[in-house]
Amino acid sequence: MIRLHIAASAPEALATVVPLRAGAPPPAPAAAAVAATGFAGHAGETCEVFAPAGRLLLVGLGDDVAGEAGWHAAGARAAAALLALPRIALDATALVPDQATAFAAGACMRAWRFTRLKTLAEPDAPRLAAIDLLTRTPEALAAAWGRAGAGVAGASFARDLVAEPGNLLTPADFAERLALLTRHGVGVAVLDRAELARQGLGALLAVGAGSAHPPLLAVLRWKGRGTLARTAAPVAFVGKGITFDTGGLCIKPAAGMEEMRADMAGAAACAGAMLALAQRDSPCPAIAVLALAENATGAASYRPGDVLRSLSGRTIEVVDTDAEGRLVLADALAWAVRRYRPRAVIDLATLTGSIVTALGHHRAGLFDSDPALAEAVAAAGEAVGEPVWRMPIGPGHRADLDSDIADLRHCLPGRMQPDACHAAAFLREFVDDTPWAHLDIAGMEQQAEASDLHAVGPTGFGVRLLDRLVAMRFEG
Amino acid sequence: MLDIAFAKPVLPKSGALALLLEQDAAAGSPTAALLEAADAATDGAVSRALATAEFKGRRGQTTTILAPGAGLSRVVAVGLGKLAELSDRHAEDAGGHAAAALAREPAAAVATVGLTGAQAASVALGAALRGYRFDRYRTTEKPEDKPKLAKLAVLTAEAAKARDAWTAGRAVAEGVFLSRDLVSEPPNVLTPAEMAERCRKLESLGLKVEVFGPKEMTKLGFGALMGVAMGSACEPRMVVMHWNGAGTGKGRKAAKPLAFVGKGVTFDTGGISIKPAGGMEDMKWDMAGAGAVVGLMATLAGRKAKVDAIGIVGLVENMPSGTAQRPGDVVKTYSGQTVEVINTDAEGRLVLADVLWYCQQKFDPRFMIDLATLTGAIIISLGHEYAGFFSNDDTLSEQLRAAGEATGEQVWRMPLGEAYDKQIKSDIADMKNVGGRPGGAITAAQFIQRFVNGKPWVHLDIAGTAWSSKDSAVTPKGATAFGVRLLDRLVATHFES
């Protein structure tokens, strides 16, 4: 986690970043360099200046008054260019608080990295560890950063979890890592296998049956503040947390299987969002229900053709054991809506390859039972730069799930299926009448290569979206 | 086509009869009166049978009663649901269900008591659409195995109004049938040249038809379309169909035409990037986009739509051969932009590139809508329930969505964006013709968008909806003609003077 200092000066910083609109005059020490390089302040442009008084990095903002996304991008570009320096400063003296915090958040997000498992020193490795945010009014900006910084902290927490390999983050390890949240006032409860069996979460138990690491249901609870805490039903987040997904008996091809350590990114995002809400002391009560399991091949693995009895009472015919995410979510969703009667439930899951074929790596798929909720989710995603696209659940998608032996089957055999739509139609069966949105974030949970705007590896996708959704829709 | 007549609602004395019945009909309602009349004639047999079958009149519920008496050979009850909630689409579906249940009867009547004349015409349209069958190549089928229904009397109190509405309905059905015929034809019969000849026949409806051959297209500089075509022994064609129905009355200035563009790959082997053998026979319908455009133009002309419209289809066969295009080839499109061909099986967009550029340059249309069985990715995205569409125009998008809702040819909007566009950057040319698996239908749309020159535009990817593997209420399995009714409705609702 990058440390951020809000101050009027930054004597320890090794370089200072100055954001510039197109055509704006550069600071005096940079004038010669700007003239020589032709830096014009276009969005995406940077210009490094080694001035006698200190190293400067000019970051172009383009013509328009940059919105939140523009400031976020400028911050990310600055950090990307200066990753080699342990400490840098961002000049926010000319910015209003919202601009300054987006600028800083972008830099912090880009500077994130996962180095815990590296034991050898790498001379060229990024070293950026601290950022000074320069302002004339540190107190005012500190208050604003409290809100933005909470989202960054939540996203970093989620990224750290997603980055962990499958041997080091089993369901039990995941649950232990949640202890951090208790320090921020979040209640954490964990239902173990015996309790899951007692309560009848048959779908989650089946998915976890093949693994030496038993499945768990982790429940996070933020009580909120003030009137809402006393009167409002909570918002519920439900996350798919498959700590490693081999595919089970329907085993995946070997190539690329190592990425399946990230198949718990939905659960990580929900946990990160809870951290963000707690850290910024959101008035809105919220719960997160994380379905944690490893989908392994084993002598006790569940099989294609098995019929499971889910918590809802609904029986499910298993077609493909690699469509395990919707099974664990079915129980987690049913558990969440029965236990808490939430005002809305939003689930996040790296659920289908189908959504990657549909929307690629630039938007998550959004399915819903409630157009107003869906619009709010889409607006929150747009605002924080985690874009989503609404996808349909048609009557035919649900009809496709009719089973000859059980109440429904969880997917269809064969390729060329609209599996993301089928999965969503399946999940909708388990939320009763609760307003529900489902984010299929497969393809969005990791970044294959580093770019100016994104660190390589886990993205933390969904954390800032959920945090913003709560702020925009559920705190009034 | 089913011979449709409209007549007063009098219970027939013989033959087959379909009763369209409201759910939970109140005593004294037209539906209740109809049932009473049927019962009076059959000594209560109809009511008894319906009670036994637990027929409640729910939408889509159908019960058949054989020889209930009174000289009737068969009575079919079809549920309408609540009359207050009955849309045109529901009425069409009821007509379709009735036609399916009456298929063994040479002639039948369908009673639409309680429905308006316009709804009765919708019932007729649904019945006609369901009655379609592509029979040309069955030579040994026994006569008793063939569906027989040829004449349908639609009984309605508003026969005159129904007849009026049916004038347009009939034209729609004829356009749909033309499209289904073209799509059903096998690829050895329906070559590009043959399809162009069939387009020419539309001149009899008042359309002006121009046909371009390889010489003309080469001269114009259609490097992308000609690149796809060069592997086949069958020459490519481009057909331009003009419908000038807006008229040029006093004080009316000629409006820009609407333009519809179709992908017409009469058979798609994939070319050198050849497809797997399993299911390749389906690739005869890789011209369904063009088939829809032809059917639409026939519909507009058939119902004398008050609009100026252009329909253009790019017709090629995609074959592997010694003269075929290769992966790695770079072609120059009519627009001047160059394309690196990575996969010769992404040929549809190459054809559309030249045809769309030609369309906007030649006709400066008000908008262009292209239809294409373009990607497998759209099937994995949406399945067979919705076609995917992409657009640079929000108003047109909303109009199209509503037209889909109204006709049952449903469409779902998919995104475009710079991030997707980057996926088709090429190292050697202006772009490449595929952008990888992620977002495969979107990158195809991004490719096409580079050839619309900023004009208002919609791209419909109908790969999942052009062909159906099972019967639905108004569409027997096989070619659906998806797009004909959708676009006809769009034109009728928003663009006729």
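**Ala80 and the overall fold of chain A**

Apart from neighbours within four places in sequence, A:Ala80 makes contact with A:Arg110 and A:Asp452 (contact: heavy atoms within 4.5 Å). The residue A:Ala80 belongs to helix H2, residues 68-81 of chain A. Its C-alpha atom is separated by 29 Å from that of A:Val377, which lies 297 residues apart along the chain.

The model is predicted, with local features requiring pLDDT of at least 70 and side-chain atom pairs pLDDT 80 or more, while totals for chains, interfaces and linings use all residues. Residues are numbered from 1 along each chain as its sequence is written, chains are lettered from A and ligands numbered from 1 in the order in which they are written, and side-chain values use heavy atoms, without hydrogens and water.

Chain A contains 16 helices and 19 strands (DSSP runs, numbered from the N terminus: H or I of at least four residues for helices, E of at least two for strands). The C-alpha trace spans about 75 × 50 × 40 Å along its principal axes. The radius of gyration of chain A is 23 Å, which agrees with the value near 23 Å for a compact globule of 476 residues (C-alpha atoms; globule rule 2.2 Å times the number of residues to the power 0.38).

Of the 476 residues, 59% are buried (under 20% relative accessible area, 1.4 Å probe, protein chains only). Among contacts in chain A with a separation of 6 or more, 77% involve residues 24 or more positions apart.

Conventions:
Buried means under 20% relative accessible area, exposed over 50%, partly exposed in between (1.4 Å probe, protein chains only).
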